[in-house]
Amino acid sequence: MKVITEGTAKILLPSLPENISSDMPVFYNPRMRVNRDFTVLMVRYLTKVLGRCLKIADPLAGSGVRAIRILKETDRIDIVCVNDRDSRAVENIKMNFEENCIKENRYRIFHEDANIFLRKEGKFDYIDVDPFGSPVGFIESAILSLKKGGMLGVTATDTAPLSGTYPDVCIRRYGSKPLKTEFYHETGIRILIYKIFSQGAQFDFSLTPVFSYSYLHHFRVFLVKDKGAKLTNRNIHKNTGYIVFCHACLYRSCLRDKCSMLKCPLCGEMLDYAGPLWIGPIFHRDVVDYFSKDIGSVNVSRETYKILNLIKEESKVNVPFFYTLSSLAKVLKKGRVPSLNKVLREFEGVRTHFSGEGFRTRMDYKELREKFSVL
Ligand SMILES: C[S@@+](CC[C@H](N)C(=O)[O-])C[C@H]1O[C@@H](n2cnc3c(N)ncnc32)[C@H](O)[C@@H]1O
Ligand SMILES: [Zn+2]
């Protein structure tokens, strides 16, 4: 047995090979610690805003590390229901709960398909969907098994289709066209959010993203569930649509209807597009502020701190689609690339966690181009 410590959890694993893959007897990926750190922070936030003891589901649990961390690193958890369809995972989960001395009345372990488990055992205050690859097959069950006001955490590791490397796969799986640009990761996250939102909308549930990030090979989004056709309609009108984009001059604009603009208003080239996707905010300030205050109380990784610090800055200019220095310099044929600090000052911009050379600004693109050219 291999022993791993993550946060306050001690995890026993049959083995931990150098190459992490879905063929492992029990799946545990140390590089997904960031993902679990943010789950812990989010559950702590949720206990505060809901003001009640929570019922939590971990339907694709692997070793059980996430559920154990939730129980040991947050207060006011009523019960965590842990599930995996792999019998070796279920045996391992049992062993790990005993190893961590978790009281038996605080958890239940299930050995089912995740969709059956969720539909039988709901309603939950928090559900964490953390599959291999795409989460699409689990989203509907998760939404239906969530209480009103509950929170859904979703991981997607199929970032290549979502980011435009395999557009056909993205269209088939998510019903949206991706776009290969300098902000491809942001487009991918917004397509993922749209998919979850539209899955809820068909039942008059409105799923609103409150915190999202991209790190290494995964996307992560957290959404709050509200009920009501009016609210859902409002979100459809205000926060969903398309982005049109000019590959020649980098002009971009968010539109409700992709057909309403065909040619670039700046250079006259044909516009490309991505969508439908979520064009509203992907971070909420109160969540980011709470995480920033609370993070010192949780044993999280250095990377988690780094991502949160960047998002703290990024969420101050909560407008969609960032720019990068190199793509602007290339299109504007600028030999000397200005420093990011200078650009942030001139354009009242903020950094983005999506790219080390990226920034967001509220400035109109026409004005930005003119100013960037003479920086
Ligand atoms: C990416 S791993 C989960 C990792 C875990 N959440 C963590 O944080 O370490 C996905 C897990 O889902 C399980 N799984 C895959 N498809 C499933 C299904 N349809 N129903 C239930 N479990 C499933 C696999 O056995 C695997 O343990
Ligand atoms: Zn153009």
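Strand 6 (residues 124-129) and strand 7 (residues 146-156) of this predicted model run parallel and are joined by five bridges. Strands here are DSSP runs of E with at least two residues, helices are runs of H or I with at least four, and both are numbered from the N terminus. Two strands are taken to pair if DSSP finds at least two bridges between them. Within this pair, aspartate 128 has glycine 153 of strand 7 as its bridge partner. Helix 5 (residues 136-144) lies across strand 6, strand 7, strand 8 and strand 9 (218-227), and its direction is at about 160 degrees to strand 7. Helix 8 also packs on the sheet, where it touches strand 7, strand 8 and strand 9 and makes about 155 degrees with the direction of strand 8. Axes are lines fitted to C-alpha atoms, for helices over the stretch in contact, and angles between N-to-C directions run from 0 to 180 degrees.

The open sheet has seven strands in the order 5-4-3-6-7-9-8, with mixed pairing. Strand 5 (107-110) and strand 8 are its edges, each pairing on one side only. On average, neighbouring strands of this sheet are turned by 15 degrees against each other, direction ignored.

Two hairpins are described next. Strand 1 (residues 2-6) and strand 2 are antiparallel and are connected by five bridges, with threonine 5 partnered by lysine 10 of strand 2. Two residues separate the strands in this hairpin, and glycine 7 adopts a positive phi near 55 degrees. A residue counts as buried if 20 or more other C-beta atoms, placed from the backbone, lie within 10 Å of its own, as exposed if 12 or fewer do, and as partly exposed in between. Strand 10 (residues 240-245) and strand 11 (residues 252-255) pair in the antiparallel sense over four bridges, and phenylalanine 245 has arginine 252 of strand 11 as its bridge partner. The hairpin of strand 10 and strand 11 has six residues between the strands, and leucine 250 takes a positive phi near 75 degrees.

Helix 2 (residues 65-73) is largely enclosed by the rest of the structure, because eight of its nine residues are buried. These are Val65, Arg66, Ala67, Ile68, Arg69, Ile70, Leu71 and Glu73.

Ligand 1 is surrounded by 19 residues, the closest being Leu60, Gly62, Arg85, Asp86 and Ala114. A residue is near a molecule if its C-beta atom, placed from the backbone, lies within 6 Å of it. The shell comprises 10 nonpolar, two polar and seven charged residues. Ala, Val, Leu, Ile, Met, Phe, Trp, Tyr, Cys and Pro count as nonpolar, Asp, Glu, Lys and Arg as charged, and the others, Gly among them, as polar.

The protein chain is divided into domain 1 (2-314) and domain 2 (323-373), with bounds from an automatic or database domain assignment. Their C-alpha centres lie 30 Å apart. Contacts (C-beta atoms, placed from the backbone, within 7 Å) link 16 residues of domain 1 with 12 residues of domain 2. On the side of domain 1 that touches domain 2, helix 8 (184-201), strand 8 (205-215) and helix 11 (302-314) each give two or more residues. Helix 11 gives the most, with five residues. By class, this side of domain 1 has nine nonpolar, two polar and five charged residues.

Residues are numbered from 1 along each chain as its sequence is written, while chains are lettered from A and ligands numbered from 1 in the order in which they are written. In this predicted model, local features need pLDDT of at least 70 and side-chain atom pairs count only at pLDDT 80 or more, whereas totals for chains, interfaces and linings use all residues.

Terms used:
Contact = placed C-beta atoms within 7 Å.
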